[in-house]
Amino acid sequence: MWLMKMSSERWSANVSRRFFKWPSTMYHGEASATAGLLSSEPPEIELSDYQRLPSGDIENPSDLLKGERVKVGPISDLDRFFERLYNYYCEKGLWCIVTRWIVEISCLGFTIGVSGLILLFLDWHGLRKCGLAVGSGSKPCDLAKEAFHKNPFRPFTVFTGVVVVYLGIFSLYWIFCFLRFFAQLKDTLEIRDFYKNSLKITDREIQTISWSSVLEKTVQFQSIQRLCVVKDLSAHDVVMRIMRKDNFLIGMLNKGVLAMPIPRWVPGAGPVVHKANGTENRLMLTKTLEWTLNWCILQNMFDRNFSIRMDFINNPALLRKRLIAVGFGMLILSPFLIIFMLVYFFLRHAEQFYNRPSTVALPRWSNLSRWLFREFNEVDHLFKHRLNASIKHAIDYVKQFPSPIVSVIAKFIAFVAGGFAAILIIIAFLDESLLEAHLFGRNLFWYAAVFGTVTAISRAAITDEFLVFDPEGSMALVAQHTHYMPKSWRGAENSEDVRSEFESLFQFGAVYWHDVIGGDDLNICDPIRSFLFTTKACR
């Protein structure tokens, strides 16, 4: 019996080494994604210290458990399972997910419909004629007859063709989003059952419970059901699986892979990265570039066991072709994407711009900063909490460097525009019907809206008279939340270079929306290929 037991243990150890090929450092507790990404010589290509057994090689995982019975079927993809577990927590239950899907699909359909109505069916010339007819006091016109094309496809111009293709593409995308929800509904229901039956967390409780409590219950559940047949998962292991792809993107930024030889005035250009050859490049990661990296690299580099595929490593030409193909596709789709984003931006922020125009110009953290500040294994909702807490202090730091000339001009504009607005308010108090009178072809309501908007925007540019000049203190409060303080910034918080780099991460409204709507025309093949195929971190 003793010999049989020793042979069985030896066989199990050989199987484990054969299938998992553990890095030696992993046995000493070094399971951090930081070590996996940034280590100079990791012994293996795997980015984590555990893997599921391949289902095709061993059909009965209970053989490795010495007869221990798995109460439910094995989870074939733990990474995907934990990602869905976390997403279900963030979206706060099944009915919140369903409601959010209905709202999102409705907003998408509404945006497509409104853009088609405005760009294809609305007759701007007829609408202008109706406005002139109403202003002159003549017979009111029927907007349904005068302001809409009876046949929008005649004449069929190039612009009409672009709009038709745009509507066709996004209509297909709407159908895809509609069907995708039902395709994912089965997985969502399985996660709901896991929360309810296994973790004993209802949808009502999930709206108030903390993520750490969910992790604790998940780890404790392994005493009843083995989620991983290789080892007992810890909370750190679960988070590593959730953050596996995001950790890789964070590592690329930390290594300066996305630093491009672009000038500082380009919208979206971030902090300077000094290369070994003495050149200075700038980091850049717009939303379009992030999508491209996700499609071309992060979604294709892992196999079904979430190890880096060897053919992905050994064939760098394939990555270049994939990046070129996606870039060419984005170039073709860019006019339609820009149309959709502009319409969506207008519908989303028109009310905000009308009622609170000063908030449109407020700065926001750029997409690059959201990945540059993020730490390894930091889940999304905790990172957002930390980043949102820094916005107030970041605004205070930007206000430390007001432009006296801009402030003086803004005071003058606010004074003049506010004066005209005050006159219109007095007229409205005397007789509100006077606001319907016309001046230079516009009624006074139009002028009241314009002067109010100009006043609000100009007042936002005026320097606060009670501001205390303390850039060092403001930067310290920002770094307390962002955990980002380059050595070149320390002791130079009041310098022009630091202020410029900080504002490249904390961007004002126009630059921020260029970062979201605009694209990239950058050669990213060479630096990414260098990171993936010539650095030792991926071998």
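Me: How many residues does helix H4 have, and how far does helix H4 reach from its first C-alpha to its last?
Reply: This is a predicted model. In it, H4 covers residues 94–121, which is 28 residues, and reaches 39 Å from first C-alpha to last. At 1.5 Å a residue 40 Å is expected, and the span of H4 is close to that.

Me: Which residues of H4 are buried?
Reply: Leu-94, Ile-97, Val-98, Trp-101, Ile-105, Leu-108, Thr-111, Ile-112, Val-114, Ser-115, Gly-116 and Leu-120 are buried in H4. The label requires under 20% relative accessible area. For the protein chain, buried residues make up 40% of the 539 residues.

Me: What is the secondary structure of the protein chain?
Reply: It comes to 22 helices and seven strands.

Me: Why are H3 and H9 called roughly perpendicular?
Reply: Helix H3 (residues 78–91) and helix H9 (residues 235–242) pack at about 95°, and their axes are 8 Å apart. The label covers angles of 65 to 115 degrees. H3 and H9 are therefore roughly perpendicular to each other.

Me: Which residues make that contact of H3 and H9?
Reply: From H3 they are Leu-78, Asp-79, Phe-82, Glu-83 and Tyr-86, and from H9 they are Val-238, Arg-241 and Ile-242. By class, the contact of H3 with H9 has five nonpolar, three charged and no polar residues.

Me: Phe-81 is also in H3. Why does Phe-81 count as buried?
Reply: Its relative accessibility is 8%, and the cut-off for buried is under 20%. Phe-81 therefore counts as buried. Beyond its neighbours within four places in sequence, Phe-81 is in contact with Ile-75, Ile-191 and Phe-194.

Me: Where is Lys-92, and is Lys-92 buried or partly exposed?
Reply: Lys-92 lies in the loop between H3 and H4. Partly exposed is the band between under 20% for buried and over 50% for exposed. At 24% relative accessibility, Lys-92 therefore counts as partly exposed.

Me: What makes the phi of Lys-92 worth a remark?
Reply: Lys-92 has a positive phi of about 65° although it is not a glycine. Most residues other than glycine have a negative phi. His-483, in the loop between helix H19 (471–482) and H20, has a positive phi of about 60° and is not a glycine either. With a relative accessible area of 46%, His-483 is partly exposed.

Me: Which residues does the cis peptide bond join?
Reply: The bond joins Arg-154 and Pro-155, and its omega is about -5°. Most peptide bonds are trans. Pro-155 has its place in the loop between helix H6 (143–146) and helix H7 (158–198).

Me: Why is H16 called roughly antiparallel to H19?
Reply: The axes of H16 and H19 cross at roughly 170° and come within 8 Å. Over 145 degrees, the label is roughly antiparallel, which makes H16 roughly antiparallel to H19. Their crossing is left-handed. On the H16 side the contact residues include Arg-386, Ala-389 and Ser-390, and on the H19 side they include Pro-471, Ser-474 and Met-475. By class, the contact of H16 with H19 has seven nonpolar, five polar and two charged residues.

Me: Why is H16 called oblique to H20?
Reply: Helix H16 (residues 380–398) and helix H20 (residues 496–505) pack at about 140°, with axes 11 Å apart. Antiparallel needs over 145 degrees and perpendicular 65 to 115, and the rest, apart from parallel at under 35, is oblique. That makes H16 oblique to H20. H16 passes H20 in a left-handed crossing. Ala-394, Tyr-397 and Val-398 of H16 meet Val-498, Arg-499, Phe-502 and Glu-503 of H20 in this contact.

Me: Why does Leu-337 count as partly exposed?
Reply: Leu-337, in helix H13 (residues 316–355), has 29% relative accessibility and therefore counts as partly exposed. Apart from neighbours within four places in sequence, Leu-337 is in contact with Phe-170 and Met-330. The C-alpha atoms of Leu-337 and Phe-170 are separated by 9.2 Å, although the two residues are 167 apart along the chain.

Notes. Residues are numbered from 1 along each chain as its sequence is written. This is a predicted model: local features need pLDDT of at least 70, side-chain atom pairs count only at pLDDT 80 or more; totals for chains, interfaces and linings use all residues. Side-chain values use heavy atoms; hydrogens and water are left out. Axes are lines fitted to C-alpha atoms, for helices over the stretch in contact, and angles run from 0 to 180 degrees between N-to-C directions. Helices (H or I, at least four residues) and strands (E, at least two) are DSSP runs, numbered from the N terminus. A crossing is left-handed if the near helix is turned anticlockwise from the far one by less than a right angle, and right-handed if clockwise. Contact means heavy atoms within 4.5 Å. Ala, Val, Leu, Ile, Met, Phe, Trp, Tyr, Cys and Pro count as nonpolar, Asp, Glu, Lys and Arg as charged, and the others, Gly among them, as polar. The expected span of a helix is 1.5 Å times one less than its number of residues. Buried means under 20% relative accessible area, exposed over 50%, partly exposed in between (1.4 Å probe, protein chains only).
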